[in-house]
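Here's a quick briefing on the fold shown below. Have a look at the model first, then go through the notes by topic.

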Amino acid sequence: MKVAIIMGSTSDYEIMSQAVNVLEDLGVEIVKKVISAHRTPDLMCEFAKSAKENGIGVIIAGAGGAAHVAGVVAGMTTVPVIGVPIQTKALGGMDSLLSIVQMPAGIPVATMAINGSKNAGLFAAQILALTDEALAAKLDQFRKEQTQKVLEATI
């Protein structure tokens with residue numbers, strides 16, 4: 001299974017690249033696309049409706065401002081969608097966060113912290129690891145290494 005990482009514009013990639021890096025480190029196959037809910041709605045529909053048949057197991061959707069990417073995609077597929085609100089200059093990302101987190105009942109989007117794409121990547125990997133023992137072992141190792149770094153930290 002693949003993880004799709006989609007974003008509203010190329011300017012979002014600076015943040016979304018953290019999810020890319022985590023997933024690449026874990027050996028997860030990814031698909032990256034810029035898809036705008038407002039500028040390319042037909043492409044968004046096509047992508048969302050064909051995600052499952054294209055082998056996508058989780059979609060990570062990042063956007064700032066109105067941040068409709070995650071919600072619109074979630075409305076057109078049953079593939080799990082993880083939303084990443086991107087920080088904005090005008091409202092600091094609160095606009096993005098509220099847009100993603102306030103989904104209507106029946107159309108869930110798992111929402112990360114503002115600029116939280118690293119956790120989105122890890123969460124996507126955890127979802128896939130439910131049916132992928134090798135990935136589950138890599139996640140266990142990641143956690144052990146993370147714990148060890150904290151134990152070895154000095155001030």
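Thr77 counts as buried because its relative accessibility is 14%; buried means under 20% relative accessible area, exposed over 50%, and partly exposed in between, with a 1.4 Å probe and protein chains only. Keep in mind that this is a predicted model, in which local features need pLDDT of at least 70 and side-chain atom pairs count only at pLDDT 80 or more, while totals for chains, interfaces and linings use all residues. Residues are numbered from 1 along each chain as its sequence is written, and side-chain values use heavy atoms, with hydrogens and water left out.

- You'll find Thr77 in the loop between α3 (69-74) and β4 (81-86); helices (H or I, at least four residues) and strands (E, at least two) are DSSP runs, numbered from the N terminus.
- The Thr77 side chain gets to the backbone nitrogen of Val79 at 3.1 Å. For reference, a polar contact is a pair of N or O atoms within 3.5 Å; within protein, one must be able to donate a hydrogen and the other to accept it, and residues adjacent in sequence count only if both atoms are side-chain atoms.
- Leaving aside residues up to four places away in sequence, Thr77 touches Ala48, Ala51 and Ile59, where contact means heavy atoms within 4.5 Å.

**The sheet**

- Five strands make an open sheet in the order β2-β1-β3-β4-β5, with parallel pairing; two strands pair if DSSP finds at least two bridges between them.
- β2 and β5 (110-111) sit at the edges with a single partner strand each, so one side of each has no neighbour in the sheet.
- β1 (residues 2-7) runs parallel to β3 (residues 56-64), and six bridges join the two. Lys2 has Ile56 as its bridge partner in β3, and Val3 stands opposite Val58.
- Towards β2 (residues 30-34), β1 has five bridges, again parallel. Here Ile5 stands opposite Lys32.
- β3 and β4 also run parallel and are joined by six bridges, with Val81 in β4 as the bridge partner of Ile59.
- β1 is mostly covered, with five of its six residues buried. β3 is mostly covered too: eight of its nine residues are buried.

- Gly83 is in strand β4 and is buried, with a relative accessible area of 0%.
- Beyond residues up to four places away in sequence, Gly83 touches Ala61, Ala70, Ile100, Val109, Ala110, Thr111 and Met112.
- Gly83 and Ser96 are 13 residues apart in sequence, and their C-alpha atoms are 9.6 Å apart in space.
- Val84 is also in β4, and it is buried at a relative accessible area of 0%.
- Contacts of Val84, again not counting residues up to four places away in sequence, include Met16, Ile60, Gly62, Asn115, Ser117 and Ala120.

**Helices and surface**

- Met44, Phe47, Ala48 and Ser50 are buried in helix α2 (residues 41-50). The buried residues of this helix pack against β1, β2, β3 and α3.
- Met94 belongs to helix α4 (residues 94-101) and counts as partly exposed because its relative accessibility is 42%.

**Positive phi angles**

- Most residues other than glycine have a negative phi.
- Ala67 has a positive phi of about 50° although it is not a glycine. Ala67 lies in the loop between β3 and α3 and is buried, with a relative accessible area of 4%.
- Asn115, also not a glycine, has a positive phi near 65°; its place is the loop between β5 and α5 (117-129).
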